[in-house]
Amino acid sequence: MMPPLIPSDPLDLHADSRKTNKAHGNETSGKDIPNPILLEVFKNRFTSICEEMGVTLNRTAFSPNIKERRDFSCALFDANGAMIAQAAHIPVHLGSMPLSVKAAIDAVEFEQGDMVMLNDPYKGGTHLPDITIVAPVFDPESLSPAKPGAGKKIPRQNRPRFFVANRAHHADVGGMSAGSMPLSSSLFQEGVIIPPLKIVKKGQLDKDLMTLFLNNVRTPQEREGDFSAQIMANLTGIRRIRELVKKYSLPEVKRYATSLMDYSETITRKKIASIPDGVYEFEDRLDDDGKGTKDIHIHVILTIKGDGATLDFRHSHAQVTGSVNAVFSITLSAVIYVFRTLIKEDIPFNAGCFKPISLITKKGTIVDAVFPAAVAGGNVETSQRVVDTVLGALEKALPGQIPAAGQGTMNNLTVGGMDLRTHTPFAYYETLGGGMGATATNNGENAVHSHMTNTLNTPVEALEYSYPFLVTQYAIRKHSGGGGKFCGGDGMIREMRMLGPAEMTVLSERRIHPPHGIDGGKPGACGNNYIIRNGRKKIMPGKFHAQLKKGDTLGIETPGGGGYGRP
């Protein structure tokens, strides 16, 4: 029998609790003002737990997408699913992850040693390749029955005290094309849909569930290795939060978790209050959905009143046939990210940051799609355009403080097929950096990931070692940034020659509508996709699927950022 994944003798979370004053809720009074030194200590301890989870996941994963690009995120939550802390990982993951944790809490009854996995975009997920694994941290006293002869039975609270969770992008989860980022028209075409299910039960891996999943993906060994890394990351988080509680007591840890949420809320409200009251509108557009719908508008009405902000997206385009639909959690992530970037103070990103912000959407629109709309590109492309739209509205309220538009796309590329070197299937996924928008004081950065993505470009050596490609060009796309007093950052160029036949899909944006400049700054250059076959270069659309032959070269030129001020 496989040994338990989670120890059966967890540290006593009540070890020192009787030595401390009671604080929030039933266990604490909250009458004492938190010690500012301890507040800083707990802020860093909570964050370090998430960071260490990420290190574990990064170092033990199998796929280059996780090991090299670091396409994953880790966070810590309280008993109700409110986020206490996160690592500095992927913004589009972290703003939506609380909804996945709450979906897991609502769907299952957690026991000691359980872990739940899910990827359903309509239950707090983003798109199907992003699989979240949620694990509870229990109070051991609630797990033990009343002692014999104690007379009246002691009521038990079989409820976790904390949750740890991580989300990782798996390079393939089935679906109609390799890499599970297809030009789809329905969620069912995009891969295996996983509702909240226990992948680990009382410390034991559910092998039947794992086998079912692995039989529906193209690269089962890689997927199994990445799942194991996610499980180990959660075990690291569980161990560290128990150690923290053992040192400070459960009431004290909960007290400072709540205090940090209150602190983040206070600072966020202070920043919003500094924005002039008013109503600010902006609209931006997606190029197309890959299925014939063009000029898909995203419209926001931003209302600032006192220390609160309301964003109304109800006038945005109706959901479309193609896969650029965003679920509510994606739009929420993008909005929260933008407001967090306005705050200069080093505050933890937690549930407190969400409280001053209200989001209004209309079901069935591009920013709040309804099941079973295709959503593979909503997570990666529409999220970027929501950021551009909200920043555009804020620029009217805060002139001189908001940057010009960045590249506004993740340039998603998936390639899959049979590796003739090893005679095994492969599935490669990557997003490519581009130009950042200029600011009122600086040029934009060149060839970097920005806004809703925080990943790295896969190194050439790792890519060529793992996949049957040769990288024939990897360079800055010079002069692609928009001109201005300060110029937008340049995009990048990546060309890859196939060493065997393969299928590929590109989901990209800003191939028609360029990233805008500000205050007279010029727009950045649009991106380009192309295939070189037999010496002839063929320009491809922003979203396409193609069969490649041995010797074909795929090229992607990513957009530049917008400029700021008149040249």
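**Entry 1: the loop with Arg69**

For these notes, I take helices (H or I, at least four residues) and strands (E, at least two) as DSSP runs, numbered from the N terminus. I am working from a predicted model. I began with Arg69, and I found this residue in the loop between helix H2 (64-67) and strand E1 (72-78). Is Arg69 buried or exposed? Its relative accessibility is 0%, so I put Arg69 down as buried. I then listed what Arg69 is in contact with, leaving aside neighbours within four places in sequence: Pro64, Tyr429, Glu430, Thr431, Thr455, Leu456 and Thr458.

**Entry 2: Asp172**

Next I went to another loop, the one between strand E5 (162-169) and strand E6 (197-201), where Asp172 is found. Asp172 counts as buried because its relative accessibility is 0%. Which backbone nitrogens lie 2.9 Å from a polar atom of the Asp172 side chain? I noted that of Gly174 and that of Gly179. Beyond four places in sequence, the contacts of Asp172 include Ser177, Ala178, Gly179 and Ser180. Val217, Arg218, Thr219, Arg223 and Ala427 are also on that contact list.

**Entry 3: the nonpolar cores**

I turned to the largest nonpolar core, which has 125 residues. Which of its residues touch the most other members? They are Phe46, Leu311, Phe313 and Phe339. Helix H6 (residues 220-248) gives the most to this core, and I noted 10 residues from it. A second, separate core has 23 residues, and I spotted Leu413, Val415, Met496 and Met504 among them.

With neighbours within four places in sequence left aside, Phe313 is in contact with Ile298, His299, Val300, Thr331, Val335 and Leu359, among others.

**Entry 4: helix H6 and what follows**

I checked the length of H6. Its 29 residues should span 42 Å at 1.5 Å a residue, and I find its end C-alpha atoms 42 Å apart, which agrees. Just after H6, I noted a positive phi of about 90° at Ser249.

**Entry 5: aromatic rings**

How many aromatic pairs does the structure hold? I have 13 in my notes. I looked at Phe42 and Tyr248, whose ring centres are 4.8 Å apart with 55° between the planes, a tilted pair. This pair links distant parts of the chain, with Phe42 in helix H1 (residues 36-60) and Tyr248 in helix H6, 206 residues apart. Both of these residues are buried.

Then I compared Phe42 with Tyr256. Why is this pair stacked? Planes under 30 degrees apart count as stacked. The planes of Phe42 and Tyr256 are at 5°, with the centres 4.8 Å apart, so the pair is stacked. Here too, distant parts of the chain are linked: Phe42 is in helix H1 and Tyr256 in helix H7 (residues 250-273), 214 residues apart. I have Phe42 at 0% relative accessibility, and Tyr256 is buried with a relative accessible area of 1%. Ring pairs link Phe42, Phe46, Tyr248 and Tyr256 into a cluster. I had already met Phe46 among the residues that touch the most other members of the largest nonpolar core.

**Entry 6: charges over rings**

Arg494 lies over the face of Tyr474, at 4.3 Å from the ring centre. Lys537 lies over the face of Tyr530, and here I noted 4.0 Å from the ring centre.

Definitions and conventions:
Residues numbered from 1 in each chain as written. Predicted model: local features only at pLDDT ≥ 70, side-chain atom pairs only at ≥ 80, totals over all residues. Heavy atoms only, no water. Core = buried A, V, L, I, M, F, W, Y, C linked by side-chain atoms within 4.5 Å. Buried < 20%, exposed > 50% of the residue type's maximum accessible area, 1.4 Å probe, protein only. Contact = heavy atoms within 4.5 Å. Phe/Tyr/Trp six-rings, centres within 6.5 Å; stacked < 30°, edge-to-face > 60°. Lys NZ or Arg CZ within 6 Å of the ring centre and 35° of its normal. Expected span 1.5 Å × (residues − 1). Polar contact = N/O pair within 3.5 Å; in protein donor to acceptor, adjacent residues only side chain to side chain.
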